[in-house]
Amino acid sequence: PEAAYASKSIPSYLGQVGWNSPMTSRVLLEAGAAVANKNFFTFLQPMAGNNPSYQESSTGNFWGNSRSTYGKNANWQMNTRASMSYVTGTHNAKVGFTSLHQESLTTQEISNNGVLLTLLRGQPSSITVWATPLHLEEINKGNVGIFAQDQWTMRRLPLNMGIRYDYFNSYVPPHHLGPGPNVPTRNVDFDAVYNVPNWTDTSPRFGASYDLFGNGRTAVKFTAGRYLEAPLLISFTRVANPAGAISTNANRTWSDANGDFLPQESELGALNNNNFGQSVITTRYDNETPETRGYNWEISSSVQHELMSRVSMNVGYFRRWFGNTRATDNVLVGPEDYSHYCVTAPVDSRLPDGGGYEVCGLYNISQAKFSSVQNVVKLSRNFGDDKEIYDGVDVTLSARLPRGVVVQGGTSTGRTLIDQCYVIDSPQSLLNCRTAPPFETQIKLIGVYPLPRRLQASASYQSLLRPQ
């Protein structure tokens, strides 16, 4: 039982309430709220105790309590929404808002009072100590969206138009970290860190469908929309949490003079990390990044045509591209701190021309700057043009045959182009910086056949055709 931690979800609940009221034959009011709370709590197996944890460095194997890391992984959130719909013969309009408040809590303990014992070929070698317990908390103060949309039908041209305003603000509350087994004198307070991020954005959406010949058999469609990234608290806001920058571990040599395989203070060397237990911020945001939200645009155009009764064909083109992407810059080093070198590829018939050629464009950082780290997360556009673009074409046939048989199938051909040909720190980033794979085609088929007694049988087929 000591080989792994135990876990329970305590608490784990979801509560929600909704309300709607048709005020008139054309006006509908709706509102709702939901609360969710979950803590995936991990802990040592009760029967295992807080026993020593060992690792054999020559194999990487663990035993004892297996360096069990345990603690709370809690998330609480509250959602609210409200909207009003107005429906007439030519308009189907809706306005409203959504709101989310969320809190995240993570704690960390490590078995054996935060100590891992390391052996080398069965003999005591060193110990690793951790600055536990740790306590990390982040709060999404508000994730608010206010929207207005309308479906406006003008004879053969239905238009879908919408606009959305988004406000997203998170922060790190004040933190206090007290003493622990390996940091007995720790008693530190961290101030709150606000506006990580603080985003306000307006995003349009548009769609149109046109009955080309007025007979209901051929439709030309187009859509365009801007969509925003939705980062997790523990992925974006935690970067700015000073408690998350604690230097959490350090090593000490271990001689084990009495041969009991348990470390005593007299058998241990000095810590190899002078910053152990301290908050050492090596990654931070610049001023622009917490104010600028990532997004992607998506557009599509298609033609749908009825080939014959109950048989239709749809051909569509899709494109997606991203903006406000981010990159990490180590501001203590620059391209001049790297030296160029080449290596010789192995001789192998599977390599171009049988191998044996030089691979260049490789760079090593200088010894003087090897340990220099002060990362700043910036927008990629400060360094160059960062592209990620998807283009694809889908062709689909759909047939509704006699006796309720349905057959659908077609092809989907596309690729994603990635171009990040700019230098941040190392010139090696220019090596293979552009990925433009050939277009790949997927074939998909599905059939549905009705059986007696209201049963259905179905089969599907999918194949990926890779270019040679």
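Colleague: Which residues do ring pairs link into a cluster?

Modeller: Happy to start there, with a word on the model first. The model is predicted, so local features need pLDDT of at least 70 and side-chain atom pairs count only at pLDDT 80 or more, while totals for chains, interfaces and linings use all residues. Residues are numbered from 1 along each chain as its sequence is written, and side-chain values use heavy atoms, with hydrogens and water left out. Rings of Phe, Tyr and Trp (its six-membered ring) pair if their centres lie within 6.5 Å, and the cluster linked by such pairs is made of Phe168, Trp199, Phe236 and Tyr285.

Colleague: How many aromatic pairs does the count come to?

Modeller: The count follows the ring-centre rule given above. By that rule, the number of aromatic pairs is nine.

Colleague: Why is the pair of Tyr54 and Trp63 stacked?

Modeller: Planes under 30 degrees apart count as stacked, over 60 as edge-to-face and the rest as tilted. Tyr54 and Trp63 have ring centres 5.7 Å apart, and the pair is stacked because the planes stand at 10 degrees.

Colleague: Is Tyr54 buried or exposed?

Modeller: Buried means under 20% relative accessible area, exposed over 50%, and partly exposed in between (1.4 Å probe, protein chains only). Trp63 counts as partly exposed at 38%. For Tyr54 the relative accessible area is 11%, so the residue is buried.

Colleague: How many residues apart in sequence are the parts that Phe383 and Tyr422 tie together?

Modeller: The rings of Phe383 and Tyr422 have their centres 6.5 Å apart and planes at 15 degrees, so this pair is stacked. Phe383 is partly exposed at 22%, whereas Tyr422 is buried at 8%. Since Phe383 lies in the loop between strands E23 (375–379) and E24 (387–400), and Tyr422 in the loop between E25 and E26, the separation in sequence of the parts tied together is 39 residues.

Colleague: Which ring does Arg226 lie over?

Modeller: A charge sits over a ring if NZ of Lys or CZ of Arg is within 6 Å of the ring centre and within 35 degrees of the ring normal. Arg226 is 4.4 Å from the ring centre, and the face it lies over is that of Tyr295.

Colleague: What order do the strands of the open sheet have?

Modeller: Helices (H or I, at least four residues) and strands (E, at least two) are DSSP runs, numbered from the N terminus, and two strands pair if DSSP finds at least two bridges between them. The open sheet has five strands with mixed pairing, in the order E4-E3-E8-E9-E16.

Colleague: Which strands stand at the edges, each with a single partner strand?

Modeller: In the order E4-E3-E8-E9-E16, each edge strand has a single partner, so one side of it is left without a neighbour in the sheet. The edge strands are E4 and E16 (249–253).

Colleague: How many bridges join E9 to E16?

Modeller: Strand E9 covers residues 123–130 and runs antiparallel to E16. Trp130 stands opposite Asn249 in E16. The number of bridges joining E9 to E16 is five.

Colleague: Which residues does Ser126 touch, not counting residues up to four places away in sequence?

Modeller: Ser126 is found in strand E9 and is buried, with a relative accessible area of 17%. Contact means heavy atoms within 4.5 Å. Leaving out residues up to four places away in sequence, Ser126 touches Leu116, Leu117, Thr118, Arg252, Thr253 and Trp254.

Colleague: Which residues does Asn61 touch, not counting residues up to four places away in sequence?

Modeller: Asn61 belongs to strand E4 (residues 61–64) and counts as partly exposed at 46% relative accessibility. With residues up to four places away in sequence left out, Asn61 touches Tyr54, Gln55 and Glu56.

Colleague: How many degrees about the S-S bond does the link of Cys342 and Cys360 have?

Modeller: A disulfide is a pair of cysteine sulfur atoms within 2.5 Å, and those of Cys342 and Cys360 are 2.0 Å apart. The link is right-handed, with an angle about the S-S bond of 110 degrees.

Colleague: Is Cys433 buried or exposed?

Modeller: Cys433 is joined by a disulfide to Cys421, S to S 1.9 Å. Cys421 counts as partly exposed at 35% relative accessibility. Cys433 has a relative accessible area of 12%, so this residue is buried.
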